[in-house]
Every structure is written in C-alpha cells, then in structure tokens.
Amino acid sequence: SNKVRIDLSAPAITPSSVAISTDNELGGIDPVDPQKYLAKVGNTITVDFTTDEDLSSAEVVINGETVIASGSGTSWSATTRDALTEDVEEVSFQIAKYVDLAGNPSSEDARTGDDNSNKIRIDLSKPAITPSSVAISTDNELGGTDPGDEHMYLAKDGDAITLKFSTSEPLSSAKVEINGEPIPASKQSGDMDGTQWEAVTQTPFSSDADEVSFQIAEYVDLAGNSSSEIPTTSDGNSNKIRIDTTAPSVTEATIVSNNADTGYGKHDDTLTLTFTTSEPVRDVADLEIEGLANLSVRSLNDEKTQWEATGVVEKDLVEASQSGGGGGGSTAAFSITVLDNAGNRGSPKTTTTDQTSVTLDTTAPTLSSVTLASSNAATNRAKSGDSLTLVFSSSEPIPVLTATLAGTSVTAT
C-alpha cells in the first residue's frame, strides 16, 4: 500500500507569523520608537514563525549568530545563545534556511522588523548623570545660608531636602540616599522624556549635620542597565546643606540705665540691654522691655552674636504697667527671643546673667509733715547762735537731700 508523492514546491512562511522578541525583564521600549524593544547583556532574542507546511529543519541568523531553530510541524522558534557584546540600533535577523519534509529548501531576506513592525535595539551602555545637573536644596522658609559659607544652605527640623538631577538617557527608575535616608526618586513635574528626576526627604531631622551626605545610589535605564554615583556632600554648583536642629539661646545679658545711678531709670532716661547669643542669629524675633518707648535693637559684631537693645523710659507706659506709681519702683521686666539663620526659635530670656536690674521710677517724691523749729526757748524765734531744725517725711526713700536754711546749704539726714 506504499505510495510516492512528488513534492517540488519550496515551503513558505505563513503571512504575519514572523515575530521577534526579547526576554528583557523590564519590557523596555525605545522612547523614540514604541515598536522597538530593548535588550541588554544577559538577555536573549527570539524569532518565532510558522510555515505553510511541515518542516524538517530551519536555521535563523539573529544579530550575526546562526541559530538552529527548534520546533515541529509548522511552528518554529530560534533563540540566541551568544552574549550580546555591543550596542545595535536595529537587530538584523534572517530565516536563512528552512527545509520541508521532502527536502525542498527555502529562505527569506534579512530584515530588522517583524510582521508587526516590531524591532529590537541592543543597549549595553550604562546611563550617566548629565554634568552639572545635580542640585541639592531645602525648602527652609528663610532660605538661610551659613554665615561662614554662602554655598552652605540651612535646614531645620520640619524642613525637607530635595535632590534633583538629569541623565544622559531616559530612566526606568532611580534610588537616592539623603542624610542616610533611602528614597525612591520620581520624575520631575516638567519632565518630558524620563531624564529629569528628583527625590525629597520624608523623615524628620533628629540631629545636626555639618554637611549632609547624599548619593544617587542606583539609576536604571529603560533596558535595565544600571549605574551609581559615589556619596558626596556638594552638588554641581558646590552647594551644600547643613542641618541645624539646635535652638539658639541668650548666654549673657545685662541691663543698665544712663541715670547717675545705673540701677534706676526715670522718665526720659535711656535703658540699654546688651546680650550675647550661643550662635549667630538672623534676627531678634521678640523683644519687650517694660515701660520703654522707641525700642531699637542692633548687632554689635559681624558674626551677629553680640546685640544691643535700647529704649527710653516713658512715664505713661510705666504707669500703665503699674510700675513706679506712687513714688515707688519696680524692676524693668524684659523678654528676648532670638531666631537663628536656620529659623530655629530660642526660648525667651527674662533674666540677666550678672544680677543687674533697673528700677523704673517716674513719680517725683513728695514731702509731708514739714516742721521748722529753733533751739530758742521760743521755738518760733531764733537769735544768733541758735540752731534751726527742719523735720519732714518723704513719700519714698531719698538717698541724698540738701536743704537751705537761713541761706546756708545743709545735708539732711
């Protein structure tokens, strides 16, 4: 019952059956051509196809590598085994020979696109950071810089630090470490092609840092090639960040009056409060001195660690605060709060460090129970050699009083 069939026809590829693909784990696509898939070192490239009749064998050339196809019947596949060694913009492939069961061979021309116009680009190059694109900054509301370094920006607890950078090619992902905090980077809002990235700290700052260290720890292109940068403390413009979480304090304070007795202040006297801070401060955030008008404050040195505040004793203000009324006196109360360059606010300072104080007294003393008597038997008369005595009471203590009796100046006791 054996028979013979004469087959002189060469086999043919089934229309629309040829497909090229890669096992790249990211499934990366060229940003310029959405039908161009990416392959990197370690990936393989596969060509699949079907034929109009069963084959006995097939050979495929992919990127210059001859691959014996595997399969059976009409479905066949060829996958590269050699390592990819160089970039290729468009991988060429060819179904170089396929033989039917009768031994009729056929072949196809070399090409770069499959029946769906898909292509493969081999990308072995690692991405790189664009020169001078790395920029570190902080959202500190004062935008303060270190007094000793104009490129050193300040951050306090509650602020965030942002690192921005650009790359030589689009990325699939990036990871950054700032001040020891690992952060997944994200595309910048204005990014159009996946080359502009940023990372922002999320963790509160718990301690000071003289120079914040940062690192673009890993950045991966669309094919999966990864790069990293070494840790550093300065960006492409030499800018740095210093974390300052320590509040400033007033370490020394003294208050005096320009009165002959520097511990007292009467109406129109000038009081001077001098103080020293633990670090350079940007400003005196709050200053109050009871009973004074025309308050002013100025720094006494370039470092802004020595300060002076002055004001004039105003009777109405003193009486309004119930100080000095009735000829009495009270200490000129004060409060100083300073703000450092990072924006840390110190605690109010309300006492001097050298025990100085100024008593405000804006009420003139009054005399009462005034009597004048002579040593004469008739106390309301005096002759030569008699003594005159003036007795009186004052509304408040008087340190020194001079009286004139019968044209003679005498010191009262």
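**Stop one: a charged pair**

Start by selecting Glu308 and Arg298, whose side chains meet in a salt bridge (3.1 Å, N to O). The two sit in distant parts of the chain: Glu308 is in strand 27 (residues 306-313), and Arg298, 10 residues apart from it, is in strand 26 (residues 292-299). Keep in mind that this is a predicted model. Is Glu308 buried or exposed? It's buried, because its relative accessible area is 18%, under the 20% cut-off. Arg298 has 47% relative accessibility and counts as partly exposed.

Now pick Lys36, Glu89, Glu90 and Lys119: salt bridges that share partners join them into one network. The structure holds 15 salt bridges. Another to show is Asp30 with Arg121, at 2.7 Å, N to O. Asp30 lies in the loop between strand 1 (19-22) and strand 2 (36-39), while Arg121 is in strand 10, 91 residues apart. Both of these residues are buried.

Next, go for the largest nonpolar core, which has 24 residues. Select Val47, Phe49, Val60 and Ile62, the ones with the most contacts inside it. Strand 4 gives the most to this core, with 4 residues. Zoom in on Phe49 and look for its neighbors, among them Ile13, Leu55, Trp76 and Ile95. A second, separate core of 23 residues includes Ala185, Trp197, Phe205 and Ile243.

Last stop: an open sheet of 3 strands in the order 12-13-21, with mixed pairing. Its edge strands are strand 12 (145-146) and strand 21 (240-243). Strands 12 and 13 run antiparallel, joined by 2 bridges, and Asp146 stands opposite Asp149 in strand 13.

Methods:
Residues numbered from 1 in each chain as written. Predicted model: local features only at pLDDT ≥ 70, side-chain atom pairs only at ≥ 80, totals over all residues. Heavy atoms only, no water. Core = buried A, V, L, I, M, F, W, Y, C linked by side-chain atoms within 4.5 Å. Buried < 20%, exposed > 50% of the residue type's maximum accessible area, 1.4 Å probe, protein only. Contact = heavy atoms within 4.5 Å. Pairing = 2+ DSSP bridges. Salt bridge = Lys/Arg side-chain N within 4 Å of Asp/Glu carboxyl O. Lists of a residue's contacts leave out its neighbours within four places in sequence.
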